[in-house]
Each structure stands twice: as structure tokens, then as C-alpha cells.
Amino acid sequence: MNLETLRHSVSHIMAQAVKELYPDVKLGIGPATSDGFYYDFEKSTPFTPDDLFRIEKKMHEIIKANVPFIEDIFSREEAIKMFEELNESYKVELLREMDNCNVTVYRQGEFTDLCRGPHLRQTGETGKHFKLLDIAGAYWRGDERRPMLQRIYGTAFLEEAELQSYLEMQEEAKRRDHRKLGVELDLFSVGGEIGGGLVLWHPKGAVVRGVIEDFWRDEHTRRGYQLVYTPHIANASLWEKSGHLNYYSDLMYPLINVGNEEYLLKPMNCPLHIQIYKSHRRSYRDLPIRYGELGTVYRYERSGVLHGLLRTRGFTQDDAHIFCTPEQAPDEISGVIDLVKFMMESFGYKDLKVDLSVRDPLHKEKYMGGDRRWHQAEEILLTAIKSRGLDYKKKEREAVFYGPKIDIHLADALGKWWQGPTIQFDFNLPSQMDITYIGADGKAHDVIMIHRTVLGATERFIAGLIEYYKGALPIWLAPIQVAVLTISEKQEGYAAEVLAALLAAGLRAEIDKEGGTINAKIRQAEIKKVPCILIIGNREVAEETVSVRERKIHKNVVMKIEKFVTRAKEKIRNKEVG
């Protein structure tokens, strides 16, 4: 039995159950997904968790009845008439946009739905291994100008053990959710009065971000990148020349009128880096040139897709652009791959997966440039992948409008993959923006431009780290690295001396000033996910030592503060992640 077919069939059973329980509901769409299914409904009052239990109970009744899934074929006009009589306006809208041809409709019992199929033969074949999971809002067809529907998510599996394993993983994912942990650890807040998809970094979150960005800057400088800064807005004519207004306007904010000129918030940094390149006449002897910037960009994302730090409207890209000759391009791309592997391993990510993303061969009009250049670019990227002995998958329709790219995916703590670093080959934008270099022959030649990010979006990367480590960041990343705790007020003077020594050594440390028992203080430090706890009692004061309690080690070790500082700084310097 095909899992996708099973889930699609269960989604129809859910829709039937909803219609039987709430006859006035109107149907949207209900596809299978990579890990389950959903169905969208228009309902005058919100669904509640209790409704999900009622719907599940009704679904079991439909499955037990074991009615057949029956496929019927109608002309488009016949189908429109039928769904008009059923008062299913969303189905009618879909049908009116179809070509004038025959369409398929599936029925089970009294329930009728517009659907391509396929489905199982009978409802009883779906089994009982399903669960309704959540309720969310979803704009009809993803357009926030259209009605807000209610989406019910669910999942289904072939075996009960698979379902239970998935549900356990979902519970663990909730415990790791960066939105929940971000609030508990006081790292950031999103939205509210400042607007959806916009992030406020609190002091502790700003520390984490600062440590990551300092590491990024140091490593890029060491590898020959020159760091730059560019403004948040630029003249609209620049974005028109770069092609973004033609190919990317849906994700750009409206024009800003300033006097007699029009400006746009930047969705990308590349046209601005090009302007820096163009500020001087460039020779082949100058190349490669590598510009890097932690540049904040702004993209219009619909409110329905905003998701904590993972999907925002303003975010910082660790953006860099390499300007080089065609002959230099393979080595430059290989160098980026080496940088990616080094930095990801420094953050604790060991498992990487590589995609070669190319254009849609059936819709080449959506992309800039001709076949020759696209083939050349794809070959250069492929050569770099193979030179590093990396396995890869070729993904059609995943290229950006100006060139193919390498997408690198990271495995999270639950074994799921999410996109991180990307390396984009661009021969089109340099030509579009009139940038060249003078070759050894004294003539002007087109520059090859490589767009690349290692972290991707800083916000998204930090969200991934929070979930990967369940908030318990490694000592080199932790906002507070050391908590100093006293057993009673008698040790506060010595504790202040210990804190001063820690701060002087460059460690991020704090004293618990809340009072209470030592066990309560330890528990509070553990809730804050502090990697190292120093406990001070009368013996530690008398011996001028500290009792060290480290994360995941359930035995305290007494040592001199100097020894602890040396050990801690070594772990930070080595970027230990254990």
C-alpha cells in the first residue's frame, strides 16, 4: 500500500466526518503531505480540540462502515453545476479556472469531492493508525487578501508502531520548539506591537548572536574575505537594472517615495556589493575578490507563513559575493564548501546533505541567460561537488532566476533535514549590471559572481541551534557560561571575588541573587541551561576553591578558581559541543 495514497484517503475520510458533523462547513483542499495530510474548511465558528476528538470518532465510524471510494468522471461544466448545487463555492472556483476538459470526482457514501486521486478501494483499508494533530488558520490559496480558512492537520501510517513513534517525535519537537525555549530563556521576542515577522533580540539572545557573528567575521577574514557594510534601502532603478523587480517583486515591499526619487527596502545584498566592485577598475590580477557582509534584508512574507525565527520579514544574511574569472570559479566554490564544512562542524553539525539545484527545463523563460551559460555553470558546480567526494541529488526547478546553486541541508536532533548553506553561481547578474575585469589581453571580460551564505539567515540558524541543543547551548555559545551559587549569605564576599576573576578572564558569569536553598538555586541555573555551576560553601571559602558542577556530569569536583578558568577557556577555544 502506498503511504501517500493512504494519507490522501484518510484526508477525505476526515472531510466526510467534518461535513457530517458540521453540515454548513465548506470544503477547501485536502492533500497528503510528506508527514501526513491536512484539509482546509470554511466554518463560521472556530474548531476546538474537543472537535478533533469528535471528528476522530466519526472517522472511525466511517472506516468501520468500509464504504467504497468511487471515481466518477464529469465534464467541467457538469462538475461546476454539481458543486454549485452542493454549495461548495471553493470547488467551483477551482473548476472555473481549469481548462474545458473532463474532471474526476470521488465519492464515499454521501460525501463527494473534487479530486484527481488516487484513493484506496474502500474506507476500511485505511486502518486505524491515524491521528488529528492541530488546528491552524490558512488563507485560501495562500493569499492573505482571500478568506481565512481553518486547517486541520493529521497524520496516518501503515503500522501502529510507526504512528506512535511519530507522535513521540512530535512531542519531543514541541519540547525543543525554539519559540517556546526563546521565551523561557529570555533570548528574543517576535512580532507584537512592532509587527509580524520582526525580531527583538533580548540581551542574552544578543550575546549568542554576537558570539556567532564574531566567529563568522574572524573566520572569513582569515580566509581572505573583505568585510563591507551596505544600506538597508536603495534606489528603485538599481533593483530594476538587477532584474529583481521583474523576477522577485512579489517578495519586495512597496516603493518608498523620497522627494522625486523612489527607493526600495533591499531583499538582497548582491546589487550593493556589485556597486562596491564597480567603484574601481578591476584587473585579472585583482581577482578573486571576496566581499562579506552580515546584512539585514527585508522580504514580504504572508502572515500565514511566519514562524518564529524560521520565517521572518526582516532577517540578517551572512552574505558574501566572490568575483572571479571562469578559471578560478571551481577552486573558489571548493573553498566555500570547505568553509561550510568547517563552520558547521564547529557548531556540532556532522551530517550534511547536498543538492544541485537547477532550472525548470520546461519553463526556461523564468530564468535569465541562455542554455550555454547555464550548462557551463552547472558543470562548474558539479565539478566542485565531485572534487570533495560529496554525494548529491539533482533538483530541477530549485535554481534561482540568475543561476544554479548548491543547497546544503543539515540534520537536526530529531533526524529531520533543513536547508542551511547555499552556494549560487551567477553569470547573468554581472552582465546585467555591467561589471567586468581587464584580462591579460587588455580587453574587458565578464566576471563570474558566486553568491553564498554559510549560516543562511542568522535568525533561522539560531532557531536551528536552539532546537538542536534543546536550549542547552555549548559553553562557547551559551549567553551565561558560569553561574556562581552560595549556600548562604556568609559566602557572598568570596563569591564576589570569584565572579570578578571569571569576568576578568572573559567568561560570561553571574551570581544568583534570588536567595533560597542551594538546591533551588541549582535547579534555577539548570532551567536557564547554564553549562557550569560553581557552588561555594564554608569549605570553599576556607580553602579558596570552588565546587564545580558541569552539565551532564552528576559529580561535583572541587578545584582552584584558576584551574577552572583554564579548563573553561580551553573548552571555549576548542568550541567543544559536548
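**Setting up.** I am working with a predicted model, in which local features need pLDDT of at least 70, side-chain atom pairs count only at pLDDT 80 or more, and totals for chains, interfaces and linings use all residues. Residues are numbered from 1 along each chain as its sequence is written, and side-chain values use heavy atoms, with hydrogens and water left out.

**The annotated site.** I looked up "binding site" in UniProt, and the unreviewed entry lists Cys270, His321 and His451. They span 182 residues of sequence, yet their largest C-alpha distance is 7.6 Å, so they cluster in space. The lining of the second largest pocket includes all three, Cys270, His321 and His451. UniProt positions are in the numbering used here, feature names are shortened, and annotations may be inferred rather than shown by experiment.

**His321.** I found His321 in strand E16, residues 314-324; helices (H or I, at least four residues) and strands (E, at least two) are DSSP runs, numbered from the N terminus. Is His321 buried or exposed? His321 is buried, because its relative accessibility is 1%; buried means under 20% relative accessible area, exposed over 50%, partly exposed in between (1.4 Å probe, protein chains only). Its side chain makes a polar contact with the side chain of His273 at 2.7 Å. A polar contact is a pair of N or O atoms within 3.5 Å; within protein, one must be able to donate a hydrogen and the other to accept it, and residues adjacent in sequence count only if both atoms are side-chain atoms.

**His451.** I placed His451 in strand E23, residues 448-457, and noted it as buried, with a relative accessible area of 4%. The side chain of His451 makes a polar contact with that of His321 at 3.2 Å.

**Cavities.** On a 1 Å grid over the protein atoms alone, a cavity is a set of points where a 1.4 Å probe fits but cannot get out, and a pocket is an open set with protein on both sides within 12 Å along at least five of seven lines; lining residues have an atom within 4 Å of a point. I looked at the lining of the largest cavity, where H16 gives the most, with three residues. Strand E24 (482-486), strand E25 (509-511) and helix H16 (518-527) each supply at least two lining residues there. For the second largest cavity, I noted a lining of Leu187, Trp201, Gly205, Val208, Ile462, Ile466 and Leu473. Helix H7 (203-222) and helix H14 (458-468) are the elements giving two or more of its lining residues.
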